[in-house]
Amino acid sequence: MSDSKSLDKIDTIVDERAVGHGPAKVPLRKRILAVVWDSLDKSPEERAFIAKIDFWILTYVCIAYFVKYLDQTNISNAYVSGMKEDLHLTGNDLNYLTTYWTIGYIIGQIPSQLILLKIRPSIWLPTLELIWGFLVMGMAGAKNVKTLYALRFFIGLLEASAYPGIMTLLGNWYTPQELGKRACIFQASSSAAQMFSGYLQAGLLRMDGKHGIAAWQWLFIFDGIIGVPIALYGYFAIPDQPTSSKAKWLPPAQKQMAIDRMEACRRRPVKRLTRRKVKEIFTSWPLYFFCAIFIAHVLGIRIYSYFNVWLKSTKKWSKSEINLIPTAGYGAQIFFTLAYAWTSDAIGMRWPVIIAACIPALIGCIILSVWPEHNIPAMMAGWILTFLETGAGALIITWINEICSESAEHRIVIIGVVEAIAFTFQAWVPLLIYDTGKAPHFPIGYQMAAMFFALEIVLTLCVWQIHKRYPVKGAKESDSE
(Lines give C-alpha, C1' and ligand atoms only; values in the text may rest on other atoms or scores of the structure.)
Protein backbone atom coordinates (compact mmCIF):
# COMPACT_ATOMS: atom_id res chain seq x y z
CA MET A 1 0.00 0.00 0.00
CA SER A 2 1.52 3.33 -1.04
CA ASP A 3 -0.07 5.13 1.85
CA SER A 4 -0.44 3.12 5.05
CA LYS A 5 -2.94 5.59 6.41
CA SER A 6 -5.16 5.73 3.35
CA LEU A 7 -7.74 3.37 4.80
CA ASP A 8 -7.91 5.47 7.94
CA LYS A 9 -8.63 8.55 5.82
CA ILE A 10 -11.73 6.95 4.42
CA ASP A 11 -14.02 8.09 7.18
CA THR A 12 -14.36 5.02 9.23
CA ILE A 13 -14.75 3.61 6.22
CA VAL A 14 -17.00 3.69 3.32
CA ASP A 15 -20.57 3.58 4.52
CA GLU A 16 -20.60 -0.02 5.66
CA ARG A 17 -24.34 -0.22 5.80
CA ALA A 18 -25.90 -3.15 4.00
CA VAL A 19 -27.80 -1.43 1.22
CA GLY A 20 -31.33 -2.76 1.07
CA HIS A 21 -31.49 -3.40 4.80
CA GLY A 22 -31.73 0.17 6.11
CA PRO A 23 -29.22 2.85 7.09
CA ALA A 24 -26.17 2.12 9.21
CA LYS A 25 -25.98 3.15 12.85
CA VAL A 26 -23.91 6.30 12.43
CA PRO A 27 -24.30 9.74 14.06
CA LEU A 28 -27.34 11.72 12.92
CA ARG A 29 -25.19 14.65 11.75
CA LYS A 30 -23.20 12.42 9.41
CA ARG A 31 -26.34 10.78 8.09
CA ILE A 32 -27.86 14.19 7.27
CA LEU A 33 -24.66 15.37 5.56
CA ALA A 34 -24.45 12.13 3.59
CA VAL A 35 -28.03 12.56 2.37
CA VAL A 36 -27.47 16.16 1.25
CA TRP A 37 -24.31 15.16 -0.65
CA ASP A 38 -22.39 12.04 0.19
CA SER A 39 -18.92 13.59 0.37
CA LEU A 40 -19.84 16.17 3.01
CA ASP A 41 -19.38 13.68 5.83
CA LYS A 42 -15.97 12.53 4.56
CA SER A 43 -12.40 13.57 5.36
CA PRO A 44 -10.88 16.45 3.31
CA GLU A 45 -8.73 13.95 1.39
CA GLU A 46 -11.68 11.81 0.42
CA ARG A 47 -13.81 14.84 -0.44
CA ALA A 48 -11.09 16.00 -2.83
CA PHE A 49 -10.93 12.54 -4.39
CA ILE A 50 -14.72 12.30 -4.87
CA ALA A 51 -14.86 15.82 -6.32
CA LYS A 52 -12.19 14.84 -8.86
CA ILE A 53 -13.87 11.63 -10.03
CA ASP A 54 -17.20 13.46 -10.15
CA PHE A 55 -15.62 16.08 -12.40
CA TRP A 56 -14.09 13.58 -14.82
CA ILE A 57 -16.33 10.51 -14.72
CA LEU A 58 -19.72 12.08 -14.06
CA THR A 59 -19.30 14.87 -16.59
CA TYR A 60 -18.28 12.42 -19.31
CA VAL A 61 -21.05 9.87 -18.68
CA CYS A 62 -23.74 12.56 -18.47
CA ILE A 63 -22.83 14.42 -21.66
CA ALA A 64 -22.17 11.16 -23.54
CA TYR A 65 -25.55 9.75 -22.59
CA PHE A 66 -27.20 13.14 -23.17
CA VAL A 67 -26.12 13.02 -26.81
CA LYS A 68 -27.19 9.37 -27.20
CA TYR A 69 -30.65 10.04 -25.85
CA LEU A 70 -30.90 13.22 -27.89
CA ASP A 71 -30.64 11.03 -30.98
CA GLN A 72 -33.36 8.66 -29.74
CA THR A 73 -35.73 11.55 -29.08
CA ASN A 74 -34.83 13.29 -32.33
CA ILE A 75 -36.45 10.46 -34.31
CA SER A 76 -39.87 11.21 -32.83
CA ASN A 77 -39.42 14.99 -33.10
CA ALA A 78 -38.16 14.73 -36.69
CA TYR A 79 -41.16 12.52 -37.53
CA VAL A 80 -43.65 15.23 -36.50
CA SER A 81 -41.52 18.05 -37.99
CA GLY A 82 -41.41 17.10 -41.64
CA MET A 83 -39.53 13.80 -41.95
CA LYS A 84 -42.78 11.84 -42.27
CA GLU A 85 -43.89 13.90 -45.26
CA ASP A 86 -40.43 14.28 -46.91
CA LEU A 87 -39.61 10.57 -46.85
CA HIS A 88 -43.24 9.42 -47.28
CA LEU A 89 -43.41 7.45 -44.03
CA THR A 90 -46.69 5.64 -43.42
CA GLY A 91 -48.41 3.28 -40.99
CA ASN A 92 -46.01 1.68 -38.51
CA ASP A 93 -42.81 3.15 -40.01
CA LEU A 94 -42.00 5.16 -36.87
CA ASN A 95 -42.16 1.98 -34.77
CA TYR A 96 -40.04 0.11 -37.33
CA LEU A 97 -37.34 2.80 -37.09
CA THR A 98 -37.22 2.18 -33.35
CA THR A 99 -37.32 -1.58 -33.90
CA TYR A 100 -34.28 -1.59 -36.20
CA TRP A 101 -32.38 0.54 -33.68
CA THR A 102 -33.46 -1.85 -30.93
CA ILE A 103 -32.30 -4.93 -32.87
CA GLY A 104 -28.82 -3.41 -33.21
CA TYR A 105 -28.89 -2.41 -29.55
CA ILE A 106 -29.82 -5.96 -28.50
CA ILE A 107 -27.13 -7.61 -30.62
CA GLY A 108 -24.43 -5.30 -29.28
CA GLN A 109 -25.29 -5.49 -25.57
CA ILE A 110 -23.69 -8.71 -24.31
CA PRO A 111 -20.69 -8.71 -26.70
CA SER A 112 -19.91 -5.13 -25.68
CA GLN A 113 -20.03 -6.02 -21.98
CA LEU A 114 -17.79 -9.05 -22.56
CA ILE A 115 -15.34 -6.96 -24.61
CA LEU A 116 -15.07 -4.63 -21.59
CA LEU A 117 -13.52 -7.59 -19.74
CA LYS A 118 -10.69 -7.53 -22.32
CA ILE A 119 -10.42 -3.97 -23.66
CA ARG A 120 -10.13 -0.88 -21.50
CA PRO A 121 -13.35 1.18 -21.29
CA SER A 122 -11.23 4.29 -22.00
CA ILE A 123 -10.54 2.86 -25.48
CA TRP A 124 -13.71 0.92 -26.25
CA LEU A 125 -16.44 3.39 -25.23
CA PRO A 126 -15.07 6.56 -26.91
CA THR A 127 -14.21 4.69 -30.13
CA LEU A 128 -17.80 3.48 -30.47
CA GLU A 129 -19.01 7.01 -29.72
CA LEU A 130 -16.83 8.49 -32.46
CA ILE A 131 -18.14 6.14 -35.18
CA TRP A 132 -21.68 6.64 -33.85
CA GLY A 133 -21.44 10.41 -34.35
CA PHE A 134 -20.67 10.09 -38.06
CA LEU A 135 -23.54 7.64 -38.61
CA VAL A 136 -26.01 9.96 -36.88
CA MET A 137 -24.97 12.77 -39.24
CA GLY A 138 -25.60 10.33 -42.08
CA MET A 139 -29.29 10.24 -41.09
CA ALA A 140 -29.66 13.72 -42.55
CA GLY A 141 -28.71 12.41 -45.99
CA ALA A 142 -31.22 9.52 -46.06
CA LYS A 143 -33.46 9.60 -49.13
CA ASN A 144 -35.87 6.85 -48.17
CA VAL A 145 -37.04 4.83 -45.20
CA LYS A 146 -34.89 1.77 -46.09
CA THR A 147 -31.72 3.85 -45.68
CA LEU A 148 -33.05 5.04 -42.34
CA TYR A 149 -33.66 1.43 -41.26
CA ALA A 150 -30.03 0.46 -42.04
CA LEU A 151 -28.59 3.50 -40.28
CA ARG A 152 -30.80 3.01 -37.21
CA PHE A 153 -29.60 -0.60 -36.93
CA PHE A 154 -25.90 0.35 -36.89
CA ILE A 155 -26.50 3.35 -34.63
CA GLY A 156 -28.22 1.03 -32.14
CA LEU A 157 -25.34 -1.47 -32.43
CA LEU A 158 -22.77 1.20 -31.58
CA GLU A 159 -24.94 2.67 -28.83
CA ALA A 160 -25.33 -0.72 -27.10
CA SER A 161 -22.32 -0.06 -24.89
CA ALA A 162 -23.58 3.25 -23.54
CA TYR A 163 -26.02 2.46 -20.72
CA PRO A 164 -24.65 -0.87 -19.39
CA GLY A 165 -21.03 0.15 -19.93
CA ILE A 166 -21.46 3.45 -18.13
CA MET A 167 -23.40 1.89 -15.25
CA THR A 168 -20.63 -0.69 -14.86
CA LEU A 169 -18.04 2.11 -14.89
CA LEU A 170 -19.89 3.99 -12.15
CA GLY A 171 -20.12 0.79 -10.09
CA ASN A 172 -16.31 0.43 -10.26
CA TRP A 173 -15.63 3.83 -8.67
CA TYR A 174 -18.51 4.72 -6.36
CA THR A 175 -19.56 3.09 -3.09
CA PRO A 176 -23.19 2.00 -2.50
CA GLN A 177 -23.79 5.24 -0.60
CA GLU A 178 -22.64 7.29 -3.59
CA LEU A 179 -23.87 5.22 -6.52
CA GLY A 180 -27.60 5.95 -6.23
CA LYS A 181 -27.22 9.71 -6.69
CA ARG A 182 -24.72 9.39 -9.53
CA ALA A 183 -26.82 6.81 -11.36
CA CYS A 184 -29.91 9.01 -11.14
CA ILE A 185 -27.98 12.14 -12.17
CA PHE A 186 -26.75 10.09 -15.13
CA GLN A 187 -30.34 8.98 -15.84
CA ALA A 188 -31.52 12.59 -15.58
CA SER A 189 -29.18 13.49 -18.44
CA SER A 190 -31.41 11.41 -20.75
CA SER A 191 -34.44 13.40 -19.61
CA ALA A 192 -32.53 16.63 -20.19
CA ALA A 193 -31.69 15.40 -23.71
CA GLN A 194 -35.35 14.66 -24.46
CA MET A 195 -36.30 18.07 -23.09
CA PHE A 196 -33.55 19.80 -25.08
CA SER A 197 -34.53 17.98 -28.29
CA GLY A 198 -37.93 19.68 -28.23
CA TYR A 199 -36.38 23.14 -27.83
CA LEU A 200 -33.74 22.30 -30.44
CA GLN A 201 -36.26 21.19 -33.04
CA ALA A 202 -38.44 24.21 -32.35
CA GLY A 203 -35.39 26.44 -32.88
CA LEU A 204 -34.23 24.60 -35.99
CA LEU A 205 -37.61 25.10 -37.63
CA ARG A 206 -36.28 28.60 -38.41
CA MET A 207 -33.46 26.99 -40.45
CA ASP A 208 -35.87 24.96 -42.54
CA GLY A 209 -34.63 25.04 -46.14
CA LYS A 210 -31.36 26.83 -45.35
CA HIS A 211 -28.62 25.52 -47.68
CA GLY A 212 -31.27 23.16 -49.05
CA ILE A 213 -31.48 21.27 -45.74
CA ALA A 214 -34.79 20.67 -43.94
CA ALA A 215 -35.20 21.43 -40.24
CA TRP A 216 -35.45 17.74 -39.30
CA GLN A 217 -32.15 17.07 -41.13
CA TRP A 218 -30.40 19.83 -39.18
CA LEU A 219 -31.46 17.97 -36.03
CA PHE A 220 -29.33 14.91 -36.91
CA ILE A 221 -26.42 16.99 -38.20
CA PHE A 222 -26.26 18.93 -34.95
CA ASP A 223 -26.43 15.77 -32.81
CA GLY A 224 -23.68 13.97 -34.75
CA ILE A 225 -21.34 16.96 -34.71
CA ILE A 226 -21.46 17.40 -30.92
CA GLY A 227 -20.83 13.67 -30.44
CA VAL A 228 -17.30 13.88 -31.92
CA PRO A 229 -15.62 16.14 -29.28
CA ILE A 230 -17.37 14.19 -26.52
CA ALA A 231 -15.77 10.99 -27.81
CA LEU A 232 -12.33 12.64 -27.87
CA TYR A 233 -12.88 13.83 -24.29
CA GLY A 234 -13.74 10.25 -23.27
CA TYR A 235 -10.30 8.93 -24.23
CA PHE A 236 -8.83 11.13 -21.51
CA ALA A 237 -11.64 11.23 -18.92
CA ILE A 238 -12.49 7.53 -18.47
CA PRO A 239 -10.25 6.02 -15.73
CA ASP A 240 -11.00 2.29 -16.35
CA GLN A 241 -10.88 0.30 -13.06
CA PRO A 242 -9.25 1.46 -9.81
CA THR A 243 -6.79 -1.49 -9.91
CA SER A 244 -5.70 -0.86 -13.51
CA SER A 245 -6.29 2.86 -14.04
CA LYS A 246 -3.85 4.78 -16.20
CA ALA A 247 -5.70 8.09 -15.90
CA LYS A 248 -3.17 10.91 -15.93
CA TRP A 249 -5.43 13.10 -13.80
CA LEU A 250 -5.35 10.60 -10.90
CA PRO A 251 -2.14 10.63 -8.78
CA PRO A 252 -0.88 7.39 -7.16
CA ALA A 253 -2.20 8.25 -3.68
CA GLN A 254 -5.73 8.75 -5.03
CA LYS A 255 -5.53 5.57 -7.11
CA GLN A 256 -4.74 3.71 -3.90
CA MET A 257 -7.62 5.46 -2.15
CA ALA A 258 -9.94 4.27 -4.92
CA ILE A 259 -8.76 0.69 -4.42
CA ASP A 260 -9.15 0.96 -0.62
CA ARG A 261 -12.69 2.31 -0.96
CA MET A 262 -13.74 -0.56 -3.19
CA GLU A 263 -12.14 -3.10 -0.83
CA ALA A 264 -13.96 -1.51 2.13
CA CYS A 265 -17.35 -2.10 0.49
CA ARG A 266 -16.28 -5.54 -0.82
CA ARG A 267 -16.51 -4.51 -4.46
CA ARG A 268 -13.95 -6.70 -6.16
CA PRO A 269 -12.10 -5.99 -9.43
CA VAL A 270 -12.78 -7.88 -12.66
CA LYS A 271 -11.24 -11.34 -13.00
CA ARG A 272 -11.31 -13.90 -15.80
CA LEU A 273 -14.76 -15.08 -16.82
CA THR A 274 -14.41 -18.82 -16.22
CA ARG A 275 -16.89 -21.60 -17.04
CA ARG A 276 -17.67 -21.93 -13.35
CA LYS A 277 -18.39 -18.22 -13.07
CA VAL A 278 -20.67 -18.31 -16.13
CA LYS A 279 -22.60 -21.22 -14.60
CA GLU A 280 -22.97 -19.31 -11.30
CA ILE A 281 -24.26 -16.24 -13.11
CA PHE A 282 -26.83 -18.11 -15.22
CA THR A 283 -28.10 -20.14 -12.27
CA SER A 284 -28.42 -17.13 -9.95
CA TRP A 285 -31.81 -15.60 -9.21
CA PRO A 286 -30.83 -11.91 -9.86
CA LEU A 287 -30.37 -12.56 -13.59
CA TYR A 288 -33.96 -13.71 -14.12
CA PHE A 289 -35.80 -11.44 -11.71
CA PHE A 290 -34.01 -8.29 -12.82
CA CYS A 291 -34.63 -9.24 -16.47
CA ALA A 292 -38.36 -9.42 -15.65
CA ILE A 293 -38.37 -6.09 -13.79
CA PHE A 294 -36.46 -4.29 -16.53
CA ILE A 295 -38.68 -5.71 -19.27
CA ALA A 296 -41.71 -4.28 -17.46
CA HIS A 297 -39.87 -0.98 -16.99
CA VAL A 298 -38.83 -0.40 -20.63
CA LEU A 299 -42.19 -1.52 -22.06
CA GLY A 300 -44.07 0.73 -19.65
CA ILE A 301 -42.09 3.92 -20.23
CA ARG A 302 -42.37 3.53 -24.02
CA ILE A 303 -45.88 4.98 -23.76
CA TYR A 304 -44.87 8.61 -23.17
CA SER A 305 -42.92 8.76 -26.46
CA TYR A 306 -46.32 9.05 -28.20
CA PHE A 307 -47.27 12.25 -26.37
CA ASN A 308 -46.29 14.46 -29.32
CA VAL A 309 -48.14 12.12 -31.72
CA TRP A 310 -51.33 12.77 -29.69
CA LEU A 311 -50.62 16.51 -29.67
CA LYS A 312 -50.32 16.49 -33.47
CA SER A 313 -53.53 14.44 -33.86
CA THR A 314 -55.61 17.05 -32.02
CA LYS A 315 -54.74 19.72 -34.63
CA LYS A 316 -54.83 22.28 -31.80
CA TRP A 317 -51.12 23.18 -31.77
CA SER A 318 -48.44 24.35 -34.22
CA LYS A 319 -45.31 22.33 -35.10
CA SER A 320 -43.30 24.42 -32.67
CA GLU A 321 -45.79 23.85 -29.83
CA ILE A 322 -45.92 20.10 -30.55
CA ASN A 323 -42.15 19.98 -29.92
CA LEU A 324 -42.22 22.28 -26.88
CA ILE A 325 -45.19 20.99 -24.84
CA PRO A 326 -43.63 17.56 -24.04
CA THR A 327 -40.64 19.33 -22.44
CA ALA A 328 -42.88 19.86 -19.41
CA GLY A 329 -42.94 16.08 -18.98
CA TYR A 330 -39.17 15.83 -19.32
CA GLY A 331 -38.71 18.65 -16.80
CA ALA A 332 -40.89 16.77 -14.31
CA GLN A 333 -38.92 13.62 -15.14
CA ILE A 334 -35.63 15.30 -14.18
CA PHE A 335 -37.04 16.58 -10.88
CA PHE A 336 -38.50 13.21 -9.87
CA THR A 337 -35.45 11.23 -10.99
CA LEU A 338 -33.23 13.33 -8.71
CA ALA A 339 -35.82 13.10 -5.92
CA TYR A 340 -35.73 9.31 -6.21
CA ALA A 341 -31.92 9.37 -5.85
CA TRP A 342 -31.91 11.49 -2.70
CA THR A 343 -34.81 9.57 -1.15
CA SER A 344 -33.37 6.10 -1.80
CA ASP A 345 -29.99 7.14 -0.41
CA ALA A 346 -31.64 8.73 2.61
CA ILE A 347 -33.55 5.58 3.57
CA GLY A 348 -30.77 3.21 2.42
CA MET A 349 -33.15 1.16 0.26
CA ARG A 350 -34.02 1.00 -3.45
CA TRP A 351 -37.20 -1.08 -3.57
CA PRO A 352 -39.66 1.34 -1.87
CA VAL A 353 -38.61 4.17 -4.20
CA ILE A 354 -38.94 1.99 -7.33
CA ILE A 355 -42.50 1.15 -6.25
CA ALA A 356 -43.26 4.80 -5.47
CA ALA A 357 -42.03 5.76 -8.96
CA CYS A 358 -44.41 3.27 -10.60
CA ILE A 359 -47.55 4.60 -8.92
CA PRO A 360 -47.95 7.99 -10.73
CA ALA A 361 -47.17 6.37 -14.09
CA LEU A 362 -49.78 3.69 -13.37
CA ILE A 363 -52.35 6.40 -12.57
CA GLY A 364 -51.47 8.23 -15.81
CA CYS A 365 -52.01 5.06 -17.85
CA ILE A 366 -55.39 4.51 -16.19
CA ILE A 367 -56.45 8.06 -17.14
CA LEU A 368 -55.36 7.49 -20.75
CA SER A 369 -57.14 4.11 -20.80
CA VAL A 370 -60.39 5.92 -19.99
CA TRP A 371 -59.50 8.35 -22.83
CA PRO A 372 -61.29 11.58 -21.81
CA GLU A 373 -60.43 13.07 -25.21
CA HIS A 374 -62.59 16.18 -24.80
CA ASN A 375 -61.09 16.97 -21.41
CA ILE A 376 -57.71 18.39 -22.44
CA PRO A 377 -56.45 19.05 -18.84
CA ALA A 378 -57.19 15.41 -17.90
CA MET A 379 -55.41 14.13 -21.01
CA MET A 380 -52.41 16.38 -20.31
CA ALA A 381 -52.25 15.17 -16.70
CA GLY A 382 -52.41 11.54 -17.85
CA TRP A 383 -49.56 12.00 -20.30
CA ILE A 384 -47.32 13.93 -17.86
CA LEU A 385 -47.76 11.28 -15.15
CA THR A 386 -46.47 8.57 -17.52
CA PHE A 387 -43.09 10.36 -17.60
CA LEU A 388 -42.45 10.02 -13.87
CA GLU A 389 -41.37 6.37 -13.61
CA THR A 390 -38.30 6.69 -15.85
CA GLY A 391 -35.88 7.43 -12.99
CA ALA A 392 -36.61 4.00 -11.51
CA GLY A 393 -34.49 2.48 -14.29
CA ALA A 394 -31.28 3.86 -12.78
CA LEU A 395 -32.29 2.56 -9.35
CA ILE A 396 -32.90 -0.92 -10.79
CA ILE A 397 -29.39 -1.05 -12.32
CA THR A 398 -27.93 0.43 -9.11
CA TRP A 399 -29.68 -2.33 -7.17
CA ILE A 400 -27.99 -4.93 -9.41
CA ASN A 401 -24.61 -3.32 -8.72
CA GLU A 402 -25.29 -3.52 -4.98
CA ILE A 403 -26.77 -7.01 -4.78
CA CYS A 404 -23.89 -8.38 -6.91
CA SER A 405 -21.30 -6.14 -5.24
CA GLU A 406 -18.86 -8.94 -4.43
CA SER A 407 -18.53 -10.20 -8.02
CA ALA A 408 -17.60 -7.82 -10.83
CA GLU A 409 -18.29 -10.55 -13.39
CA HIS A 410 -21.87 -10.94 -12.06
CA ARG A 411 -22.38 -7.17 -12.31
CA ILE A 412 -21.04 -6.83 -15.85
CA VAL A 413 -22.77 -9.87 -17.35
CA ILE A 414 -26.10 -9.46 -15.55
CA ILE A 415 -26.40 -5.77 -16.47
CA GLY A 416 -25.63 -6.65 -20.12
CA VAL A 417 -28.10 -9.54 -20.22
CA VAL A 418 -30.83 -7.55 -18.44
CA GLU A 419 -30.52 -4.72 -20.97
CA ALA A 420 -30.37 -7.09 -23.95
CA ILE A 421 -33.39 -9.16 -22.92
CA ALA A 422 -35.47 -6.09 -22.03
CA PHE A 423 -34.80 -4.46 -25.38
CA THR A 424 -35.48 -7.75 -27.17
CA PHE A 425 -39.04 -7.40 -25.91
CA GLN A 426 -39.06 -3.71 -26.84
CA ALA A 427 -38.19 -4.69 -30.43
CA TRP A 428 -41.49 -6.47 -31.06
CA VAL A 429 -44.02 -5.83 -28.27
CA PRO A 430 -44.65 -2.15 -29.20
CA LEU A 431 -45.45 -3.23 -32.77
CA LEU A 432 -48.43 -5.12 -31.35
CA ILE A 433 -49.65 -2.85 -28.58
CA TYR A 434 -48.43 0.63 -29.68
CA ASP A 435 -49.21 0.44 -33.40
CA THR A 436 -48.46 3.97 -34.69
CA GLY A 437 -50.93 3.34 -37.52
CA LYS A 438 -53.63 3.47 -34.83
CA ALA A 439 -52.02 6.15 -32.67
CA PRO A 440 -52.78 7.99 -30.56
CA HIS A 441 -55.87 6.06 -29.39
CA PHE A 442 -54.35 2.59 -29.09
CA PRO A 443 -56.93 -0.20 -28.65
CA ILE A 444 -54.99 -1.84 -25.79
CA GLY A 445 -51.77 0.20 -25.47
CA TYR A 446 -52.61 2.22 -22.36
CA GLN A 447 -54.08 -0.77 -20.53
CA MET A 448 -50.94 -2.82 -21.31
CA ALA A 449 -48.68 0.00 -20.09
CA ALA A 450 -50.65 0.08 -16.82
CA MET A 451 -50.17 -3.68 -16.54
CA PHE A 452 -46.38 -3.33 -17.03
CA PHE A 453 -46.09 -0.78 -14.21
CA ALA A 454 -48.22 -2.96 -11.91
CA LEU A 455 -46.05 -5.98 -12.76
CA GLU A 456 -42.93 -3.96 -11.98
CA ILE A 457 -44.30 -3.25 -8.48
CA VAL A 458 -45.00 -6.94 -7.82
CA LEU A 459 -41.58 -8.09 -9.10
CA THR A 460 -39.79 -5.44 -7.04
CA LEU A 461 -41.44 -6.78 -3.90
CA CYS A 462 -40.36 -10.29 -4.90
CA VAL A 463 -36.71 -9.27 -5.33
CA TRP A 464 -36.74 -7.49 -1.96
CA GLN A 465 -37.93 -10.64 -0.19
CA ILE A 466 -35.69 -13.06 -2.11
CA HIS A 467 -32.59 -10.93 -1.47
CA LYS A 468 -33.32 -10.99 2.25
CA ARG A 469 -33.40 -14.81 2.23
CA TYR A 470 -30.85 -15.63 -0.47
CA PRO A 471 -28.17 -12.89 -0.67
CA VAL A 472 -25.64 -13.20 -3.49
CA LYS A 473 -22.17 -14.07 -2.20
CA GLY A 474 -18.87 -13.60 -3.95
CA ALA A 475 -17.58 -16.86 -5.41
CA LYS A 476 -14.40 -18.38 -4.04
CA GLU A 477 -12.75 -20.00 -7.00
CA SER A 478 -9.18 -20.86 -7.88
CA ASP A 479 -7.30 -18.55 -10.22
CA SER A 480 -5.94 -21.60 -11.97
CA GLU A 481 -9.39 -22.76 -13.08
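At what angle do the axes of α2 and helix α9 cross? Here are some friendly notes on that and a few other spots.

1. This is a predicted model, in which local features need pLDDT of at least 70 and side-chain atom pairs count only at pLDDT 80 or more, while totals for chains, interfaces and linings use all residues. Residues are numbered from 1 along each chain as its sequence is written, and side-chain values use heavy atoms, with hydrogens and water left out.

2. The axes of α2 and α9 (residues 252-264) cross at roughly 95 degrees and come within 11 Å. Axes here are lines fitted to C-alpha atoms, for helices over the stretch in contact, with angles from 0 to 180 degrees between N-to-C directions. The pair therefore counts as roughly perpendicular (65 to 115 degrees).

3. Where α2 meets α9, the α2 side includes Phe49 and Ile53, and the α9 side includes Met257 and Arg261 (contact: heavy atoms within 4.5 Å).

4. Two residues other than glycine deserve a look for their positive phi: His88, near 55 degrees, and Trp371, near 60 degrees. Most residues other than glycine have a negative phi. His88 sits in the loop between α2 (44-86) and α3 (93-115), and Trp371 in the loop between α15 (351-370) and α16 (376-386).

5. His88 is exposed, at 65% relative accessible area, whereas Trp371 is buried, at 10% (buried is under 20%, exposed over 50%, with a 1.4 Å probe and protein chains only).

6. Leu170 touches Ile57, Leu58 and Val61, among others, not counting residues up to four places away in sequence.

Note on methods:
Helix = DSSP H or I, 4+ residues; strand = E, 2+ residues; numbered from the N terminus. Parallel < 35°, antiparallel > 145°, perpendicular 65-115°, else oblique.
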